[in-house]
Amino acid sequence: MAKNTICLWYDKDAEAAARFYAKTFPDSSVGAVHRAPGNYPDGKKGDVLVVEFTVAGVSCIGLNGGPAFKHNEAFSFQIATDDQEETDRYWNAIVGNGGQESDCGWCKDKWGVSWQITPRVLTDAIAAGGSEAKRAFDAMMSMKKIDVAAIETARRG
């Protein structure tokens with residue numbers, strides 16, 4: 001396990017979530033699956049308790065802690081994409097697997113984890129500053145999934 005690991009709390013689906021992420025994103029995998037050594041408030045001995053996994057190179061663990069805590073937008077994975085095809089692939093995988101769309105390139109997976117599917121053309125435009133950044137930002141504000149061509153058009157003015 002890495003020295004610094006993100007811990008994501010799930011009700012009972014940490015292993016399913018980890019396997020979905022590993023299937024969806026490059027440089028992702030499922031490591032060890034640890035089972036509860038005894039009964040606990042929201043489970044019993046032998047249930048999957050902790051899953052070690054990696055998402056796009058980031059070390060994580062999924063803890064099946066029960067229904068007490070829910071995910072929210074205060075934490076999200078941001079996935080940088082190179083083109084519309086890659087943007088569509090990740091967006092459609094998340095939303096099409098029981099997730100939901102949000103605004104400005106954000107979506108949630110079916111477990112409630114937030115994702116920002118962000119084309120590099122958008123982050124490059126924002127980093128450029130000035131009127132180019134403003135035009136790209138204004139275009140983004142009207143989108144759910146980011147439209148790469150529309151951002152490129154906005155950048156040019």
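This is a predicted model: local features need pLDDT of at least 70, side-chain atom pairs count only at pLDDT 80 or more; totals for chains, interfaces and linings use all residues.
1. Glu 15 and Arg 19. The side chains of Glu 15 and Arg 19 meet in a salt bridge, with 3.0 Å from N to O. Both residues belong to helix 1, which covers residues 14–24, and they are four residues apart, or about one turn of the helix. Glu 15 has a relative accessible area of 23% and is partly exposed, while Arg 19, at 45% relative accessibility, also counts as partly exposed.

2. Glu 73 and Lys 108. A salt bridge is also formed between Glu 73 and Lys 108, whose closest N and O atoms are 3.0 Å apart. This pair links distant parts of the chain, since Glu 73 lies in the loop between strand 4 (58–64) and strand 5 (76–81), whereas Lys 108 lies in strand 7 (residues 106–108), 35 residues apart. Glu 73 is partly exposed, with a relative accessible area of 41%; Lys 108 has a relative accessibility of 19% and therefore counts as buried, because the cut-off for buried is under 20%.

3. Lys 134 and Asp 138. In helix 4, which runs over residues 130–141, Lys 134 and Asp 138 are placed four residues apart, about one turn of the helix, and their side chains meet in a salt bridge of 2.8 Å, N to O. Asp 138 is partly exposed, its relative accessible area being 37%.

4. Thr 81. The side chain of Thr 81 is joined to that of Thr 87 by a polar contact of 2.6 Å. When residues up to four places away in sequence are not counted, Thr 81 touches Glu 86, Thr 87, Tyr 90, Ile 117, Thr 118, Pro 119 and Arg 120.

5. The largest pocket. Rolling a probe the size of a water molecule over the atoms shows where empty space is left. Among the residues that line the largest pocket are Trp 9, Tyr 10, Asp 11, Phe 69, His 71, Lys 110 and Trp 111. Sorted by class, the lining consists of four nonpolar, three polar and five charged residues.

Note on methods:
Residues are numbered from 1 along each chain as its sequence is written. Side-chain values use heavy atoms; hydrogens and water are left out. On a 1 Å grid over the protein atoms alone, a cavity is a set of points where a 1.4 Å probe fits but cannot get out, and a pocket is an open set with protein on both sides within 12 Å along at least five of seven lines; lining residues have an atom within 4 Å of a point. Ala, Val, Leu, Ile, Met, Phe, Trp, Tyr, Cys and Pro count as nonpolar, Asp, Glu, Lys and Arg as charged, and the others, Gly among them, as polar. A salt bridge is a side-chain nitrogen of Lys or Arg within 4 Å of a carboxyl oxygen of Asp or Glu. Helices (H or I, at least four residues) and strands (E, at least two) are DSSP runs, numbered from the N terminus. Buried means under 20% relative accessible area, exposed over 50%, partly exposed in between (1.4 Å probe, protein chains only). A polar contact is a pair of N or O atoms within 3.5 Å; within protein, one must be able to donate a hydrogen and the other to accept it, and residues adjacent in sequence count only if both atoms are side-chain atoms. Contact means heavy atoms within 4.5 Å.
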